[in-house]
Amino acid sequence: MNIKFGKIVVALTLTFCGLSLSACAVTQRSGISAPLVIQEQGSFSVGGTVISEPGTFDPITQGAYNPAGVSPAGQTLHGDHASVFYQIPENARKFPLVFWHGHGQTAKTWETTPDGREGFQNIFLRERYGVYLIDQPRRGRAARSTEATTITATPDEQLWFGIFRLGAWPNFYEGVQFSKAPETLNQFFRQMAPNTGPYNAEVNVAAVSELFNKIGKGILVTHSQSGGPGWRTAIKNDNIRAIVSFEPGGDFLFPEGEAPESIKLAGRTVTPPTVLMADFMRLTKIPIIVFYGDNIPKQPSQNPGQEQWRVFLEVAKTWRDVVNRHGGDVTIVHLPEIGIHGNTHFLMSDLNNLEIADQMSRFLEKKGLN
């Protein structure tokens with residue numbers, strides 16, 4: 001259900017223009033020191049399923065809360081939906097942006113950065129794009145799952161410090177675009193969230209496709225783990241007019257017979273998935289841009305936090321060539337190659353996120369999607 005709050009005016013005074021010329025291009029177009037005017041905002045659930053337990057529900061004998069457990073006979077469970085928060089600015093552009101988080105994350109990825117600056121949610125609202133922020137099924141505010149799982153409490157943050165390329169614990173990479181203030185790392189670790197049911201890409205694709213059925217044409221923006229389901233959602237739903245993907249993993253979709261060989265990676269084998277040619281060709285009908293950050297080596301590395309991204313970037317380049325050979329429009333941007341350095345796996349919240357947003361904004365403008 002859409003909930004209209006009318007116009008919400010938030011006045012913010014920020015001083016970003018010292019960061020870079022391209023960052024200033026965003027801020028100047030956005031009028032960042034001016035009030036941010038929201039025409040409409042709200043939240044809803046989309047997709048999902050309903051399961052039920054055989055029997056007849058008795059509102060008297062089963063109607064009281066029992067700390068020992070619930071008697072499920074005759075009762076239902078709504079789950080496996082996505083949770084969506086949206087904001088539409090005044091004089092919004094034609095196509096809204098749908099932001100989909102990655103592994104261990106929620107919509108928080110796109111909100112305020114760990115060091116307290118504006119994230120892509122506000123940056124692109126200031127660019128007059130409508131924004132939709134997803135919590136995918138079985139994650140965050142969409143936690144109601146129809147399948148059980150066990151949630152552990154295993155300390156693992158130093159592992160992610162490396163995989164997300166902040167550095168090799170306990171040291172940050174030199175020049176990394178991440179604040180070294182202890183409170184920033186504290187905030188970063190606390191934005192992680194567990195799966196509340198088994199991870200199922202098909203469930204996620206179904207829910208996000210339903211979102212595009214509901215809102216119509218828009219731009220899908222994925223990060224990391226949502227990259228793979230993002231390709232499948234674009235195959236499923238014609239309302240996706242373009243994809244902007246930040247550091248997707250290695251599950252790029254190839255047509256049958258054209259996938260690269262499986263790759264050994266830190267004790268596991270990465271096999272690029274294949275789809276029917278008719279499905280693959282749907283990816284050639286929309287413009288796609290893929291961004292990768294810094295500290296990704298060109299040669300095999302003993303550092304697993306870097307090596308997996310070297311492999312994924314190589315697969316991405318191979319995939320780009322295959323899609324474009326079939327008439328598609330895929331661009332891979334490895335940021336250090338265009339002079340932008342220090343970015344982690346979380347480009348959208350790095351210290352230079354205005355500069356990254358400007359790269360994305362220029363792509364949308366170039367493709368006539370603004």
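Colleague: What should the 15 residues of helix H5 span, at 1.5 Å a residue?

Modeller: Helices here are DSSP runs of H or I, at least four residues, numbered from the N terminus. The expected span is 1.5 Å times one less than the number of residues. For H5, residues 201-215, that gives 21 Å, and the end C-alpha atoms are 21 Å apart, which agrees. This is a predicted model, where local features need pLDDT of at least 70, side-chain atom pairs count only at pLDDT 80 or more, and totals for linings use all residues. Residues are numbered from 1 along each chain, and side-chain values use heavy atoms, without hydrogens or water.

Colleague: Which residues of H5 are buried?

Modeller: An α-helix has 3.6 residues a turn, so residues three or four places apart point the same way. Buried means under 20% relative accessible area (1.4 Å probe, protein chains only). In H5, the buried residues are Val203, Asn204, Val205, Ala207, Val208, Ser209, Leu211 and Phe212.

Colleague: What caps the N-terminal end of H5, and what follows H5?

Modeller: Look for a polar contact, a pair of N or O atoms within 3.5 Å, one able to donate a hydrogen and the other to accept it; residues adjacent in sequence count only if both atoms are side-chain atoms. Asn200 is the cap, with a side-chain oxygen 2.9 Å from the backbone nitrogen of Glu202. After H5 comes Gly216, with a positive phi near 85°.

Definitions and conventions
Helices (H or I, at least four residues) and strands (E, at least two) are DSSP runs, numbered from the N terminus. Buried means under 20% relative accessible area, exposed over 50%, partly exposed in between (1.4 Å probe, protein chains only).
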